[in-house]
Amino acid sequence: MKKTLSVILAVIMAVCCLPFAAIAEEPPTEFTKSASFESSNQLESGRIYRIVSGVEMTVPAGLTLYVPSGSKLFVEEGARLRVLGNIKTLDTSQLYIDGTLINAENVGGSGEILAQFRFPSLASQGLIKDDGTPRIKVSYAFSTSGNAYDDQQNPLSFTSVPDGGMEAYVPLNQYIYIKAHIIEPDETNDVKFDDAKMSVSANGVGVPYTQGAHIMKVGTSIDVAYGTWTTDDDFLSTYKIHLPSGAGYTVYGRAGEHSEVGETVYLKYGQSFSFKVEIEPEYDMSKYEVYIYNGYGWTDLDTDTLLKDVPPAKPDEYGYYNIDCIKGDTTVYVIGIVKNSTITLVGDILSMIRSIFETIKALLDQFVGMFK
């Protein structure tokens with residue numbers, strides 16, 4: 001009886017083990033020597049393939065290499081995949097680029113194609129303050145249409161990058177948007193620092209900044225790096241001050257800036273600026289006012305609306321108007337400059353009108369007196 005039970009148990013165990021043996025995943029096939037792929041169907045469905053570090057595999061010109069359904073092809077960090085022909089991924093297949101891919105434009109298909117982005121820790125980039133707080137916060141998003149303007153056509157979902165860095169996979173041949181936002185003293189008032197001045201590089205090459213993010217097309221795996229923080233001054237926002245020009249006057253900055261051609265002065269956040277208004281002799285009878293308001297170059301708007309809540313600026317004892325702390329684009333506006341001859345002419349007309357009224361009044365007085 002015991003012998004019979006032992007046989008039955010052995011059979012049951014053997015049967016139970018059969019499915020596991022049948023579905024056990026085969027070990028990956030590794031490419032350990034540099035070579036070229038020889039046929040379109042060299043990779044088999046349901047298999048895992050790895051190009052190991054130090055190896056370069058090439059898809060020769062004229063050949064389309066298929067990554068079949070259910071299979072995975074890994075290009076490990078330190079490995080290279082040159083695509084002189086084409087690679088086409090089929091449904092449920094996966095291609096992971098941790099190493100270098102050459103000619104990403106020749107790679108496509110319905111499978112998943114991802115390149116690794118390696119974001120460094122902020123500490124390794126010198127972007128942690130002495131008090132342990134970060135100087136920047138990093139996030140990323142990617143397009144889904146392959147269009148560089150996807151961010152303007154569709155809302156993007158940004159993923160935060162931890163201060164300690166991370167590795168992330170991004171779809172190949174899409175655009176990645178990296179925000180390296182410089183943390184403001186007051187995050188509700190984003191005026192002190194200019195994020196465009198915090199550089200972002202990919203594999204040692206600077207990534208262009210536009211529309212609030214560093215944008216590049218994903219063509220291989222990337223090691224991300226950030227700019228070096230020296231002093232706050234290197235990252236301060238730059239603002240414009242519009243100095244007006246007009247008949248009869250010139251605006252001069254204390255450092256020699258002038259408005260004869262409508263000059264714009266560029267100043268960094270927190271700097272001060274002083275200017276004076278010099279009136280030409282033929283206009284020196286003018287009773288003018290000077291206004292300083294937020295915004296740049298809005299001199300063609302309705303001044304009654306624009307200046308409704310802005311009081312006239314007052315000069316100091318030396319005749320200079322002072323802006324103590326630049327915190328945004330600014331416009332200087334001068335009104336009331338009139339030529340002396342015009343003022344005299346208007347005065348003469350008013351005097352003449354006054355004289356006429358006085359004459360009429362005298363006649364009326366005489367007329368009224370005749371009936372007393």
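## Starting from Q174

Leaving aside its neighbours within four places in sequence, Q174 is in contact with S143, T144, S145, G146, M216, K217 and V218, where contact means heavy atoms within 4.5 Å. Before we look further, please keep in mind that this is a predicted model, in which local features need pLDDT of at least 70 and side-chain atom pairs count only at pLDDT 80 or more, while totals for chains, interfaces and linings use all residues. Residues are numbered from 1 along each chain as its sequence is written, and side-chain values use heavy atoms, with hydrogens and water left out.

Where does Q174 sit? Its place is the loop between β15 and β16; helices (H or I, at least four residues) and strands (E, at least two) are DSSP runs, numbered from the N terminus. Q174 counts as buried because its relative accessibility is 13%, and buried means under 20% relative accessible area, exposed over 50% and partly exposed in between, with a 1.4 Å probe and protein chains only.

Although N173 is not a glycine, its phi is positive, near 65°.

Let us now follow the chain into β16. Seven of the eight residues of β16 are buried. β16 pairs with strand β13 (residues 136–142) in the antiparallel sense over seven bridges; two strands pair if DSSP finds at least two bridges between them. Here I136 has I182 in β16 as its bridge partner. β16 also runs antiparallel to strand β20 (residues 213–217), joined by four bridges, and Y177 is partnered with I215 in β20.

Elsewhere, N103 has a positive phi of about 75°, again without being a glycine. N103 lies in the loop between β10 (100–102) and β11 (107–109), and counts as partly exposed because its relative accessibility is 25%.

Stepping back, the protein has four helices and 29 strands. Of its 372 residues, 37% are buried. Among contacts between residues at least 6 apart in sequence, 59% join residues at least 24 apart.
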